[in-house]
Amino acid sequence: MTRSHKDTSVTRRRALAVTGGTVAAGGLAVAGYQSAFADGTTTATVAEATASATSTSTSSGQCVLMSSVTEGPYYLDGALVRKDITEGKGGVPLTLRITVQDTTDSCDPVAGAAVEIWHCDAWGYYSGYTTANPGGSAPAESEDGSTANDQTYLRGYQVANANGVVKFETIFPGWYTPRTTHIHVKVHTGGEKADGTYEGGKVNFTGQLFFDDDIAAEVQALEPYSKHTGSYTKLADDMVYDGGGTSSGLLTLTPVHKKDPSKGFKGSIILGIDPDAESTGAGSGGGGTPPSGAPTGTPPSGAPSGAPSGAPSGAPSDSASPSASASS
């Protein structure tokens with residue numbers, strides 16, 4: 001059975017902290033869209049030239065460099081500290097285990113690091129930006145458009161234990177044009193829990209986590225994912241994933257039941273950080289623009305009404321994206 005939890009109401013929203021983007025008009029081939037942000041180079045080349053370096057451990061105990069990538073246009077400040085981030089969203093259950101290690105000190109665990117994740121729902125919608133069409137053909141996120149953007153589903157923090165480990169209960173993400181299935185992640189240090197969220201400190205790492213194509217295809221054939229149809233972007237064609245496997249954010253996935261993907265998956269990865277470094281969220285992979293049809297203008301603090309305007313750092317403000325699509 002796919003997961004479904006009771007909705008929770010949110011009475012307090014914080015100011016947006018977004019990378020941003022512009023509303024696109026008309027269609028553009030994905031290849032052209034990628035090149036607009038790569039300035040004539042490939043995503044892998046951009047990653048080599050511009051990504052900030054952190055690392056992850058292999059089974060042999062060695063530390064392998066791992067690149068920070070773009071924050072994307074759908075970040076919201078003030079996510080809640082909570083293990084279960086589903087907030088009523090249905091989908092294939094995903095238990096996510098993330099281990100944070102200090103690459104400057106023999107990959108020792110970073111106890112107290114705050115790990116923040118956010119991702120789209122089974123149909124490609126992000127909470128806070130539900131007027132942003134995910135591309136292809138998908139059901140409407142909510143029948144009541146006036147309150148849909150007040151939701152905070154599939155966003156949250158967890159604080160690492162003495163072993164540097166955090167766990168989240170969520171769902172397998174869907175997809176949106178022209179991106180492959182992914183989860184956004186930030187690692188913060190130096191702050192503290194306050195008023196149900198995490199405040200202060202600095203961001204040490206900004207990245208994205210990715211899913212094997214074959215497993216993603218199995219999940220997308222299930223309800224409610226199958227109600228979203230269209231052209232799916234595989235890992236090899238994604239503008240952010242650079243093909244580096246685990247060191248590029250590819251999750252290790254284990255099915256709860258080998259013959260029944262609807263029972264869910266366990267995902268894990270190790271993220272190495274430099275606790276003295278600071279990430280701006282403007283890493284490689286292009287900045288991305290919100291989909292066509294999303295409202296322009298910066299949403300008021302406390303009640304975002306659509307995707308943000310303004311190009312992200314490093315991304316051209318006049319670039320176009322595929323019609324009715326999101327990008328990062």
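User: What makes strand β5 (residues 114-118) count as mostly covered?

Analyst: In this predicted model, five of the five residues of β5 are buried. Buried stands for a relative accessible area under 20%, and each residue of the strand meets that cut-off. A114, E116 and W118 point one way from β5, whereas V115 and I117 point the other way.

User: Why do A114, E116 and W118 point one way and V115 and I117 the other?

Analyst: Because in a regular strand the side chains alternate between the two faces of the sheet. In β5 both sets, A114, E116 and W118 on one side and V115 and I117 on the other, are buried.

User: Why is C107 called buried, and what sets its backbone apart?

Analyst: The relative accessibility of C107 is 10%, so C107 counts as buried, given that the limit is under 20%. C107 is a residue other than glycine with a positive phi, near 60°, and its place is in the loop between β3 (93-102) and β4 (108-109). Most residues other than glycine have a negative phi.

User: Is D195 buried or exposed, and why?

Analyst: Exposed requires over 50%, and D195 has 56% relative accessibility, so D195 counts as exposed. D195, found in the loop between β8 and β9 (197-210), has a positive phi of about 55° although it is not a glycine.

User: What makes the peptide bonds that join T177 to P178 and E223 to P224 cis?

Analyst: The bond between T177 and P178 has an omega of about 0° and is cis, with P178 in the loop between β7 (165-171) and β8 (182-194). The bond from E223 to P224 is likewise cis, with omega near 0°, and P224 lies in the loop between α3 (213-220) and β10 (252-255).

User: What is the mean pLDDT of the chain, and where is the pLDDT below 50?

Analyst: The mean pLDDT is 74, and 64% of the residues reach 70 or more. Over residues 3-62 the pLDDT is below 50, although this stretch has 179 contacts in the model beyond near neighbours in sequence. Residues 286-326 are also below 50, with 145 such contacts. Where pLDDT is low, the predicted coordinates should not be read in detail.

How values were computed: Residues numbered from 1 in each chain as written. Predicted model: local features only at pLDDT ≥ 70, side-chain atom pairs only at ≥ 80, totals over all residues. Heavy atoms only, no water. pLDDT = per-residue confidence, 0-100. Contact = heavy atoms within 4.5 Å. Helix = DSSP H or I, 4+ residues; strand = E, 2+ residues; numbered from the N terminus. Buried < 20%, exposed > 50% of the residue type's maximum accessible area, 1.4 Å probe, protein only.
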